Amino acid sequence: MAETNLRKASASTDRLEDSLRGVSKGQVSIKSVDSKTVEPIVEQYPFRTQDIILGRLSYKEESNYTSGRTIPVDFQFRTGSNLFLTEVQTDIPSLDLVTTQFTEATSRALKIYRNLHAPEDALWDFLMIADRILEITVLDQGEEVRYEDVDGVDREDVVGGYAIESASVGFVEKGNEIFVEYRGGSIQVESEWELGREYIVQTFEREVLSE
């Protein structure tokens with residue numbers, strides 16, 4: 001099952017596609033780059049004219065015990081919402097190294113941030129429209145607790161009023177299940193539906209990143 005990670009990013013050039021093509025440095029080699037215009041699949045989608053810069057890179061994961069392995073990683077940068085997506089088909093300890101190496105290899109033509117910089121109330125809105133809430137934890141007096149277990153506060157008052165530490169929710173669209181996990185300011189998406197990732201990305205852009 002593919003795993004998708006969402007982060008915010010910023011481009012330093014209008015010709016990003018050209019800047020990424022053929023880049024190879026350190027542990028990252030960009031194998032292909034292309035572009036397309038987004039095709040809306042959710043209602044009231046606010047970024048209908050944005051371009052998507054997409055491609056594939058290979059990441060050389062080093063190992064102290066073996067010769068390492070080369071991991072293919074699909075990536076996207078969405079010019080309207082400034083979202084950067086990576087998708088991998090295999091387990092990888094951390095995408096932080098991949099995104100850091102990507103930024104360095106491209107001479108910061110695309111700077112990728114460690115988190116989404118999402119407004120807290122908008123993030124709550126996104127999570128609460130999920131079909132299933134598996135778990136949401138918040139920060140309460142310095143401790144991480146389930147949002148329904150905040151002492152002395154009604155659940156309705158916790159929603160939108162407390163900082164989210166982590167969340168696991170499920171969406172169902174046209175009979176397809178999509179699992180979404182939030183932690184550390186980034187979002188991961190897992191789905192066997194070919195449009196599952198795009199559905200969540202567009203929903204997130206609409207609920208969290210639009211004006």
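Tutor: We begin with contact, which means that heavy atoms lie within 4.5 Å. The model before us is predicted. Leaving aside neighbours within four places in sequence, Ser 35 is in contact with Glu 17, Ile 52, Ile 53 and Leu 54.

Student: In which strand is Ser 35 placed, and with which side chain does the side chain of Ser 35 make a polar contact?

Tutor: Ser 35 belongs to strand β3, residues 28-37. Its side chain makes a polar contact with the side chain of Glu 17, at 3.1 Å.

Student: Is Ser 35 buried, exposed or partly exposed?

Tutor: The general idea is a pair of cut-offs: under 20% relative accessible area a residue is buried, and over 50% it is exposed. Ser 35 has 33% relative accessibility and therefore counts as partly exposed. For contrast, consider Glu 198 in helix α5. Glu 198 has a relative accessible area of 15%, so this residue is buried.

Student: Which residues does Glu 198 touch, beyond those up to four places away in sequence?

Tutor: Glu 198 touches Val 38, Ile 41 and Arg 78.

Student: Which members of the largest nonpolar core touch the most other members?

Tutor: In this core of 37 residues, they are Leu 6, Phe 126, Phe 171, Ile 187 and Phe 204. At least two residues each come from β6, α3, β8, β10, β11, β12 and α5. The largest share, six residues, is supplied by α5. Apart from this core lies another, of 24 residues, including Leu 16, Leu 20, Tyr 59 and Val 98.

Student: Which residues of α3 are buried, and what covers them?

Tutor: The buried residues of α3 are Ala 122, Leu 123, Trp 124, Phe 126 and Leu 127. Their cover includes β8, α4 (155-158), β10, β11, β12 and α5. Phe 126 is also one of the residues that Phe 171 touches, as are Tyr 199 and Ile 200.

Methods
Residues numbered from 1 in each chain as written. Predicted model: local features only at pLDDT ≥ 70, side-chain atom pairs only at ≥ 80, totals over all residues. Heavy atoms only, no water. Core = buried A, V, L, I, M, F, W, Y, C linked by side-chain atoms within 4.5 Å. Buried < 20%, exposed > 50% of the residue type's maximum accessible area, 1.4 Å probe, protein only. Helix = DSSP H or I, 4+ residues; strand = E, 2+ residues; numbered from the N terminus. Polar contact = N/O pair within 3.5 Å; in protein donor to acceptor, adjacent residues only side chain to side chain.
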